[in-house]
Amino acid sequence: MKKILLAIGMMSLMLTSCGKITGNDSEGLPQTAEIFLIDRYKNSAWVYQDKGIFIDTSGAVYAFDFERSPHHIIPDEQLLLKFDIVRDNTEPIMTIDSDTIIKLYSLGAQIDPESEFEIDPKGGATDAGSHTVSFCNPDTGSITVCTVDGDSCGELSDSFAQKFVKSYNKKIKRFTPEFTAPLVYTVYDIPLNTVECNTEMNGMYFLSSAKQLRILARQCGVSIDDMLDDYKDYEQERYVYFVELNAAPANAVLRTDDGYKLSHTEGAGFCNVVAFPRSSGDFISDSIPCADGGEWQRIKDGDLNFDPDFITGEAYGFSETAMHAVWKEFNMHGFMGLYIPDSTKYEEFIKSCDSHNLVENGSIRSALEEKGVPDFSKYSLCVKLDGHSVNTKYEWQRTDIGDSDIVMGCSIPLNWDNTEGECSLAYVLIPKTYLSRDSYFVRCLNKSKDEQ
């Protein structure tokens, strides 16, 4: 599940294969493994980041990566809850020997959290974020920041805090392996409902829309769609939905390299419903893997891609010079497509393509109407023009509708060395029953050169 690269020589310096340390065999440590050191980096200058490692008194070192909305402060109790979820669902990236842990914990336990925090007036850098090393007191749950660098620099004046950080940097930090950590979302981050259920249906489901959540609720006879009552239509479309029927109560969602899984507490006979931000994942593929193995099952009812009235098409061999002119006129550069909800805009698009001679000795209308003239009382049309090699074809995948954008599921195998001077057209006719807005941004899936 994780990509772990261990530094050479690390094992001989400090890592052991011993089990968890308890108060029975290590004087001064808590009876159970408790989190006591947090090395955390946060930055919201460009893309929000909140990641690092934490260490418990058993010597286990865990990696974390929390994807949050920028400017959102996570309370200490929620941070520690997330750390516990990481411990319950992942393996340590490394283990520290008991002597190092005892010394480090002893220093941390003597820190005076009321001592002055001294800021270096000459330190800091713009958009550097915040890198902190903190001691977490297992008795109180309080987190004391000992040192910070990044946008500002400083340290706690307490001598034990300074020794705590120095010892950590010397004996642990420089040997920490590279890692990728799961993203963790709790009820504090996303809507997560757990309700008692009495249904003969079982299994794990992935639902691409609120419409499908209501359909599954009718099928299983449980009000798993109650959360939708709090959303407006456009808000519902910001989410996809993970549903577990007849399971233990869930307290979080974990996104790993291997897929998505729910973290559970003890119990049975519950239904878990997670509204997961559509923008935080890629849900175009036909299968959604579960990190514990298997797949989240899609249902066809209410799925646009299984609707017989959902129509896709493509055509090849048009003028690349004309394509760039149409791009400029309709802002279709790069991966952007065009949303056409009515006949007026449709005719404007055809007129532009034809005036620029996109189709030599013909009209783009013939390609767009190969499967019939669009009925704009029933459909909206999405189109995309893109550079293309004469020998490549579209590979249609799933089209996805969000609250403000539509991702056309046509993967264009790009040929960066294209000298053919040709472009291609892809289009979809989407039944308006799936649409809740008057306009959408349209994007197109593209394969990079390395994926060919």
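Good morning, colleagues. I begin with a pair of helices: helix 3, covering residues 98-109, packs against helix 4, covering residues 159-171, with an angle of about 155° between them and their axes 8 Å apart. Please keep in mind throughout that this is a predicted model.

How are helix 3 and helix 4 oriented to each other? Angles over 145 degrees count as roughly antiparallel, and helix 3 and helix 4 are therefore roughly antiparallel to each other. As for handedness, the crossing in which helix 3 passes helix 4 is left-handed.

Which residues meet there? Helix 3 brings Thr 100, Lys 103, Leu 104, Leu 107 and Gly 108. On the side of helix 4, the partners are Phe 160, Lys 163, Phe 164, Ser 167, Tyr 168 and Lys 171. Sorted by class, this contact of helix 3 with helix 4 comprises five nonpolar, three polar and three charged residues.

I turn now to the largest pocket, whose volume is about 390 Å³. Its lining consists of 23 residues, and those closest to the centre of the pocket are Ser 209, Ala 210, Lys 211, Glu 237 and Tyr 434.

Which elements supply at least two residues of this lining? They are helix 5 (210-220), helix 6 (233-236) and strand 22 (400-401). Helix 5 gives the most, with three residues.

Thank you for your attention.

How values were computed:
Residues numbered from 1 in each chain as written. Predicted model: local features only at pLDDT ≥ 70, side-chain atom pairs only at ≥ 80, totals over all residues. Heavy atoms only, no water. 1 Å grid on protein atoms, 1.4 Å probe; cavity = no way out; pocket = protein on both sides within 12 Å on 5 of 7 lines; lining within 4 Å. Points joined across faces, edges and corners; volume = space filled by probe spheres on them. Helix = DSSP H or I, 4+ residues; strand = E, 2+ residues; numbered from the N terminus. Axes fitted to C-alpha atoms, helices over the stretch in contact; angles between N-to-C directions. Parallel < 35°, antiparallel > 145°, perpendicular 65-115°, else oblique. Left-handed = near helix turned anticlockwise from the far one by under 90°. Contact = heavy atoms within 4.5 Å. Nonpolar A, V, L, I, M, F, W, Y, C, P; charged D, E, K, R; others polar.
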